[in-house]
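Please look over the charged side chains in this model. Here is my note, point by point.

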Amino acid sequence: MKKRVLCYIGKTVSQKGVCEGNSGNYLFNLALESYIVHENADVSFYSLRDFETHTADFVNNNFDIVLYSTANIINPRTKCVKFFTKAKEIISQYKIPIFFIGAGLETKIYDTELKFLNPIKDELSRFFEAVAKCGGAFSLRGYRTAQVFKKLGFDNYYTTGCPSLFMFGKNLQINPKPLKKEELKPIINGTMCLKNNKINRFFKDYPESIFVCQDKFLRILEERKNYPIRYSDLSLKLRFGSSVTSLLKENRIKLFKDIPVWIDYFKNNGYNFAFGARIHGNIIALLAGIPV
């Protein structure tokens, strides 16, 4: 008998079709879909927003298991703390297990002692406990996130890494090759890298390098022609660093809304190294067989 799976998954496209937020989240969602859509499961996909509106009766009576696609869910921001409280109330009524997939930790500084937990530990613990009581668990992005569970005394987790890394199966091979400097054709991602003067010089050193945007430029690249003053060369330089205008003129800033196209572009254009601050931008390079 097929398992009836309720999957809450993130949306990154607005009603107008404009990509919002981080386009790398497409990879996260696509990877999760590739795992659970098979002949032994009857999967129903809903938006993350539906999690708070669905009644417990609807969930318990129609499904056998709940999956929730998440990312940096463990976060001291106010909206995250509010989510812990709301999620605890919802999950406490579940009679079936819920699994949070790819849960990660995000803090502004590298907090080695996990001091950020002090003001939120009660809300977070009640949330973890509600998941455990219904038979659920968390898959975590890394051992850093696992430290939070250990510190709070919970063991309902598995340290799996980001699900997107395993989209093509468990036998992904990356084979770095020795390269001369003139052979290096790098991909750089993350606006913090674009603003960094030390990294900026790589665009001059490697004229075939590209910058791949996942968030800040999504609207800019689509609307620059319509709003030339708002997105003038000067305003872009002030916001994103000195190299941005030359990269735009040379067509070296790229963005992708379709994951297979993104991977194929990396594969088919001779890129041989990727570097940057975005996890999914780097994982897409790995999926294309490129060292990161």
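**Note on the salt bridges**

1. Lys-115 and Glu-113 join through their side chains in a salt bridge, 3.7 Å from N to O. The term means a side-chain nitrogen of Lys or Arg within 4 Å of a carboxyl oxygen of Asp or Glu. Lys-115 and Glu-113 are both exposed. Exposed means over 50% relative accessible area, buried under 20%, and partly exposed in between (1.4 Å probe, protein chains only).

2. Keep the source in mind: this is a predicted model, where local features need pLDDT of at least 70 and side-chain atom pairs count only at pLDDT 80 or more, while totals for chains, interfaces and linings use all residues. Residues are numbered from 1 along each chain as its sequence is written, and side-chain values use heavy atoms, with hydrogens and water left out.

3. Glu-129 and Lys-133 form a salt bridge too, at 3.7 Å from N to O. Where do Glu-129 and Lys-133 lie? Both sit in helix H4, residues 121-133. They are 4 residues apart, about one turn of the helix. Helices here are DSSP runs (H or I, at least four residues), numbered from the N terminus. Glu-129 has 35% relative accessibility, so it counts as partly exposed. Lys-133 is exposed, at 68%.

4. Now take Glu-250 and Arg-252. Their salt bridge has its closest N and O atoms 2.6 Å apart. Is Arg-252 buried or exposed? Arg-252 counts as buried because its relative accessibility is 9%. Glu-250 is partly exposed, at 46%.

5. How many salt bridges does the rule give? The count is 7.

Key. Helices (H or I, at least four residues) and strands (E, at least two) are DSSP runs, numbered from the N terminus.
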